[in-house]
Amino acid sequence: MGSPLYRRVRSLLACNLAFRTAGNNNGIKSWLKPAFISKQRLSLPSQSTILARSYCQHTAQKGLIFRQMFEPISSTYTYLLADCETREAVLIDPVLEEVERDAKLVKELGLRLLYAANTHCHADHITGTGLLKKVVPGCRSIISKDSGAKADITIQEGDCIKFGRFHLEARATPGHTDGCMTFVLNDHSLAFTGDALLIRGCGRTDFQQGSATTLYKSVHEKIFTLPEWCIVYPAHDYKGMTMSTVDEERRLNPRLTKSMEEFVIIMSNLNLPRPTQIDTAVPANLVCGIQGD
């Protein structure tokens, strides 16, 4: 691991990242020696990767702070969005065990966390919204009115979560649960789909008011109608994928590219095990998680 070859390759990768981050693709040319890289062996980045890079550059230009974080036990993604100017922020789908991490990041970035919002009443982990309210003064919890859960603010179709110059539009996408919401950034450049739409998959429909028919309609009518370049960020991923696009899921999702009848059959035969935390997670999430009292 400490060989000259290893150090050379590591430096090359670091340099590549630095130049790409700075938007300079020419400065790296002097590093591209035939002994290390062959043009014939270079793989082109996927369309989704290009879109993700473009979006990251775009968010910085328009003043949006964006972070994606991961909790490994439940494979949950938590998302932080903030306005660079006003420093107002919103956190989507926080996890109880990662509240310290999230609060620390908010403080390090000098943000004012206005809201901690859940895309639905989760069954596989306890939300961090209750404890966040304790450790981050001024933070308020948000969840769908149709979830039946308690929160400082309950929202429904068409409502907006505002932070600085930005807002998230709430789109009701039930089917996994009655209260599932997809949050769409005001310019439609990205969507936080919760469990309604996962990367090459979707949330299960065999408990918590689940309905395969309803979920199919929700995804096709509320998510697949977004621009094809809209980046999709789900609440979970179990295969190491971080994002997708509306176009990719419309073309490649092995479940939701089927007819509704085929989809219902697929969802009826998943035979998935019962979530290990459901008996503690659902009751806790119905009251906005652990309150920290």
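Mentor: Let's start with the rule for a ring pair: rings of Phe, Tyr and Trp (its six-membered ring) pair if their centres lie within 6.5 Å, and planes under 30 degrees apart count as stacked, over 60 as edge-to-face and the rest as tilted. Keep in mind that this is a predicted model, where local features need pLDDT of at least 70 and side-chain atom pairs count only at pLDDT 80 or more, while totals for chains, interfaces and linings use all residues. Residues are numbered from 1 along each chain as its sequence is written, and side-chain values use heavy atoms, with hydrogens and water left out.

Now to your rings. Phe66, Phe70, Tyr77, Tyr79, Phe192 and Tyr233 belong to one aromatic cluster. For the ring pairs, the count is 10. Take Phe66 and Phe192: their ring centres are 6.1 Å apart and their planes meet at 50°, so we call the pair tilted. Phe66 sits in strand S1 (residues 64–71) and Phe192 in strand S10 (residues 190–194), so this pair ties together parts that are 126 residues apart in sequence. (Strands are DSSP runs of E with at least two residues, helices are runs of H or I with at least four, and both are numbered from the N terminus.)

Tyr79 is in strand S2 (residues 76–83) and Phe192 is in S10, so here the parts tied together are 113 residues apart in sequence. Tyr79 is buried too, because its relative accessibility is 1%.

Let's zoom out a bit. The chain has 8 helices and 12 strands, and 48% of its 293 residues count as buried. Among contacts (heavy atoms within 4.5 Å) with a separation of 6 or more, 63% come from residues 24 or more positions apart.

The strand that holds Phe192, S10, is part of an open sheet of 6 strands, in the order S7-S8-S9-S10-S11-S12 with mixed pairing. Strands S7 (160–163) and S12 (244–245) are at the edges with a single partner strand each, so one side of each has no neighbour in the sheet. S7 pairs with strand S8 (residues 166–172) in the antiparallel sense over 4 bridges; two strands pair if DSSP finds at least two bridges between them. Lys162 stands opposite His167 in S8.

Last, the cysteines. With a disulfide taken as a pair of cysteine sulfur atoms within 2.5 Å, the count is 0. Cys288 is in no disulfide, and the nearest cysteine sulfur, that of Cys139, is 8.6 Å away. Cys288 is at 7% relative accessibility, so it counts as buried, and so does Cys230, at 0%.

Conventions:
Buried < 20%, exposed > 50% of the residue type's maximum accessible area, 1.4 Å probe, protein only.
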